[in-house]
Structures are given as structure tokens and as C-alpha cells.
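Student: Could you take me through one part of this model closely? I would like to hear about its charged pairs and what surrounds them.

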Amino acid sequence: MLSIRTTPTRDVVSLDGLWRFALDSAVGAEPWLSRIVTSLEAPVPASYNDLFVDPAIRDHVGVVWYQREVRVPRGWAGERIVLRFGSVTHAATVYANDVLVAEHVGGYTPFDADLTGIVAPGEEFRLTVAVDNRLTHLTIPPGTVDTLPDGRLKQTYHHDFYNYAGIARSVKLYSTPQAYVADITVVTGIDGSAGVVDYRIETAGAEAADVRLRVLDESGATVATAEGAEGSVRIDDVHLWMPGAAYLYDLLVELVRNGEPVDSYILPFGVRTVEVRGTDFLINGEPFYFTGFGKHEDTPVRGKGHDDAYLVHDFQLLEWTGANSFRTSHYPYAEEVLDFADRHGIVVIGETAAVGLNLGVQGGLTGIPPTPTFAPENFGGETRNVHAQHLRELLARDKNHPSVVMWSIANEPASNEDGSREYFEPLVDLARELDPTRPLTYAAVMFATPANDKIGDLFDVLSINRYYGWYVFTGDLATAESVLEQELRGWVQRFGKPIMMSEYGADTQPGLHSVWDMPWTEEYQSDLLAAYHRVFDRIPEFVGEHIWNFADFMTGPGIHRVDGNKKGVFTRDRKPKGAAFSVRNRWRGLEGKKPDGPAERPAASEGNPS
Ligand code: BDP
């Protein structure tokens, strides 16, 4: 799926701004048929939950309505007219005037509504969107909705981050010619000092049109040309995309009829390779060691709404700590984030929204007796079909981003349980078929051990989430360190694959200090991370460390959270805790001596612009 850009043949109108907003209970039947009467306005992009002071809105379960008028530019006569939603969380039904134009399930991937012939250039139309925040066994992430005795709906889900909902990413109205470039797939390789770019172009309505391509370097000079919808071009003396040293080419694709371009599209791309060889993770043939965090899209007031100011600031803080990478835990992030990572050389592990495929965690934490996760009455074939569709949409959107070097297919699934292999094997096959170029991983939950995990061999990299010293062996870092080392070595021994830590950390209240090993203090967070780092540095197969979490984030109600999850190295408003400085010392190599361990283990500062 191509992202929306203006080109010589395409125009874009942003529909971001204030839309009319109402709960389902506040509107009549078929509210799309007329102007919704409401005093509430909600910004797009933003989650709606924290905007208002009304608990009925914050805790609403079900449908809310967004509406606005849109004028189609008068110059668009004869063009295709399309709406693009960056995301609607978790399901959308879209109407243009009285006409249903799109339905989409999945809160973190984009979708289009083709309005050609339904709306007219120069005229205004009423755009209405029903947004449903319910998580069920037929959504990814999954959840359950129950009706309480008083008739209210109660949403439960199996992840800790708050179920923010709304139109959290930009909405755009765009035009294309009737004959247009529908999709582009680029796969890059390296041949000596040349870059090899395999491309495939999909077109629509383009009978009797030819495809013409040009590759432009950052100075705008043409460095390669080609013709035809599928093929390969070489870029001599290629400038590679590298972690910490991004370089992007533009692929200019033109549809040409009678010598005239009828459509053109410009795709920025980087030339780089990714490969797992033995127990190394290689980018451009060089061992790469991940330093960074699991993140969230989460800010005060906006919730999961995309915000360019936080985008820029977060990347500044990543660079300041010496992080070279992050995981899009636990769902695909806004496309703007990946574009930015492409331009700034930050490496990304792209994760699906499949978080919470694990009913054992619920059993362990709530006392509710465990129920089998991968059973037909819980997460069976139907859930897997939704998961597969979500995977397709993620890979279709992000396949061309050089920053994305690996797919994480799920976070903390019950990979120790019967049925997990049957559930995941087809998804792994699908991911490999759709994208044979990127390694696959999943983040392993604490109940999945080297002894009982049933899916590790299907994947390329072992990503382990562990909370020794926090949820287990609380306050006992010596035991945490030795148990962690024993377990990580067990994974390496059984699977012989590269291994990284995809989550480790401790909740920390800024300003709390102690000379003892006291959980919640700033010192404890630093000390816990340091204990883990000593273990990583003793294991040669280790390829990376992603701390949980970059910043504090909002969670659902729960007695083991106080105003959210506090495992951030930064607070929710991005102030550093003590651990931010100790991590920066390690990752920027400021400790005076590099960590012992594999010679290749880089201080990230080597690979980061400073
Ligand atoms: C892990 C989850 C993550 C949680 C974290 C925690 O992957 O989403 O936020 O634990 O408890 O199980 O802090």
C-alpha cells in the first residue's frame, strides 16, 4: 500500500482538525443521514478518551461518531477521489453523505474509501465515521466484552496499556488519475560496490500505458533508469542505508501513455540488506547489536494520537541515550514514525498488534483459573484469520521501509501451551511468503521457557521478555542475575539462534531514592538494568537489548499500576529518570571502557549521528 504523497499528478487535502463528536447513545438512528447535533468536538488525530472530563466518554465501550463537512477541490474533475485513514481504533464504518463507503476492522493499520462518483469536485459532502473500540476474539489485539447486571458493557483485554480509541492518525482526501500506480515493492541487495534494486509495480486502469522508472540520489541526480512493471536496476557506487547513517534514494515511477506521463509516484527507499547468519544479525553484512527500547504511542491528553512534536522529541531522546533502534510494541505505529526512522537511521522491529494471545498471564495475575489460550472457544482459527489479515496489512504498508529490519509477529503469546504451534506455523509461513527478506521473531513471555516453548524453531531471532528482579525475585538482584543467565543460555543451547532481550525493566517512581535494593527507586531501576547488562555481555550469541520502556505510559485500571506503567526510563512527559543517564553511559560508550563481551558489540554512539 502506497503512502499518500503529492506528486505532479496527485493532490492531497488534510482532513485533520476538529470534527463533531458524539457517543452512540447521544445520537438517533442512522446519524450519518444528517448533521449530528452535539456540542462536543474532537481533534483528529487523537484518541478521544482523555479529551473530555466525562467518565462516560473515557470509559465508553462501543461506538462513537465523528463527523465533518469536506469540500472536494474543484480542480479534481475526472480524477479518482479517495479517502485514506491512517488508522481508526479499532473498527470503522465510513459514510460519505448517505452512502456507506468503507468498513475496516483493525485499529493500527490504514485503509481507503474510494469516493469516485459518490462525491463531486467543487462540492461539499458530509463525512461520518462510526468508531468502535470493542476488542473481541475477532479483533487483534483480542479482548472480551461482557454485559454487566445494570446493562453497561465491560471491556476486558489481556494487555496492560490503556485501550485508547478514536481517529488517532491523519485522515487525507487525495486524488489520482484514473490510470494510476497502485503499489510498488522494492527489495534491495548489494553486489560489490553496486546496489541492486528489484522492483515490482502494480498499476490499475492503465491499459496501453507503459511503466518508466528513475532512481534519483539525494542531490536529485538520476543514477539509474528502467522500463517495465517488474525488473531490476543497478546503482553503481551505491550509498548504503546504514544504522545511524541513513541515505535515501527516490524511486520515481511514471505511467506513460503516448510519451506523456499520466501518473507519477515517488517512493523514497534505502539500499540495505538484512540477514541472520548463525547467531549474528547482519545489516549490510555487518553484525548489528540492537540498543534501545520497547515504546508505546502514548502521550498525555492525546492518548495514542500521532503527534509530530513528540515524534521529533522522542527521536532526540533516543539519540541522546545512544539507542540505535526500537520495537513498535505492541502494534504498528503511525507511518510518519517509520518515515522518520528511515530518514534518521534508526532501526525498527515492526510488531503486529497481536498482544495478549495468552490466557495464562490472566490466570497467573488474577487468580482466575487458567483456560487454554489456543482453543476454538478462545483464540482458534477465526482469531488466526484476523491475525493473518492484520499481518497482511502491516506488511503491505511497511514492506518498503529500510528502517524496518525484522517483524515481530506477536508479543508474549502462550508459546508454552498446546496449540501454539498450530496457531503460529501458518502465520510464519504467510509472513515468509509475503516478505522473504526480513527475519521473524516473537517476544517470549516468562511462562515460555527453553524447556517448554513450542515455536522458537520457526523463527529467526529469539526475543525474550523477562522481569527477574521485578515480578519474580523482587528486590533480589543477585538471584535475578544468575537465573537470567541460566535461562538465556538455555534458549541459546536449545535453538542455536541469535538472542536479544526484548523487554526488561522495573517500575520506578521518579524522585524515590534509597541506599538499599528497594524496588520503585531510581537506583533500583539502574541497578536492575546493570545486572541484566552484565549477563548480556557474557553471552556471545546476544544481539541486542531493548529496555521496557522508553517512557511511562497509561494503563487500564489495576492495583499493580499507579497512574500507569512506570517502567519508563523517561517519565510520561519525557523527563529523564536516573536510569536514562546510566543507560546513556553504556550505549554511548561513556563508561570509560566498553562492556566486556563480543568484540562487535558497538557503543551505539559509533553508529549514531551526534
Ligand atoms: C510484559 C508486556 C508489557 C507490559 C510489561 C509490564 O509485554 O506490555 O507492559 O510486561 O508488566 O508482560 O510492565
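Tutor: Happy to. A salt bridge here is a side-chain nitrogen of Lys or Arg within 4 Å of a carboxyl oxygen of Asp or Glu. Please keep in mind that this is a predicted model. By that rule the count comes to 37 salt bridges.

Let's begin with arginine 71 and glutamate 124, whose closest N and O atoms are 3.9 Å apart. Glutamate 124 is partly exposed, its relative accessible area being 47%.

Now turn to glutamate 297 and arginine 169, a salt bridge with its closest N and O atoms 2.8 Å apart. Glutamate 297 belongs to the loop between strand 25 (290-294) and helix 2 (308-321), and arginine 169 to the loop between strand 13 (166-167) and strand 14 (171-176), so parts 128 residues apart in sequence are tied together. Both glutamate 297 and arginine 169 are buried.

A further pair joins aspartate 418 to lysine 454, with 3.8 Å between the closest N and O atoms. Aspartate 418 lies in the loop between strand 28 (404-411) and helix 6 (420-434), while lysine 454 lies in the loop between strand 29 (440-444) and strand 30 (462-465), 36 residues apart. Aspartate 418 counts as exposed at 64% relative accessibility, whereas lysine 454 is partly exposed at 29%.

Salt bridges also form a network, linking Glu481, Glu485, Arg489, Arg534 and Arg538.

Next, the domains: the chain is divided into domain 1 (12-176), domain 2 (180-269) and domain 3 (289-600). Across the interface of domain 2 and domain 3 the rule finds one salt bridge, along with six residue pairs in polar contact. Strand 15 (180-191) and strand 21 (260-269) each supply at least two residues of the side of domain 2 that touches domain 3, and strand 15 gives the most, with five residues. Domain 2 and domain 3 bury about 890 Å² between them, 62% of it on carbon and sulfur atoms. On the domain 2 side, Trp241, Ala246 and Leu248 lose the most area to domain 3, together 45% of what that side buries.

Finally, the nonpolar surroundings. The largest nonpolar core has 83 residues, and Phe315, Phe424, Leu488, Met501 and Phe536 have the most contacts inside it. Its largest share, seven residues, comes from helix 7 (residues 477-495). Domain 1 and domain 3 both give residues to this core, so it lies between them.

Key. Residues are numbered from 1 along each chain as its sequence is written. This is a predicted model: local features need pLDDT of at least 70, side-chain atom pairs count only at pLDDT 80 or more; totals for chains, interfaces and linings use all residues. Side-chain values use heavy atoms; hydrogens and water are left out. A nonpolar core is a set of buried Ala, Val, Leu, Ile, Met, Phe, Trp, Tyr and Cys residues joined through side-chain atoms within 4.5 Å. Buried means under 20% relative accessible area, exposed over 50%, partly exposed in between (1.4 Å probe, protein chains only). Helices (H or I, at least four residues) and strands (E, at least two) are DSSP runs, numbered from the N terminus. Domain bounds come from an automatic or database domain assignment. Buried area is the accessible area (1.4 Å probe) that two parts lose on being put together, summed over both. A polar contact is a pair of N or O atoms within 3.5 Å; within protein, one must be able to donate a hydrogen and the other to accept it, and residues adjacent in sequence count only if both atoms are side-chain atoms.
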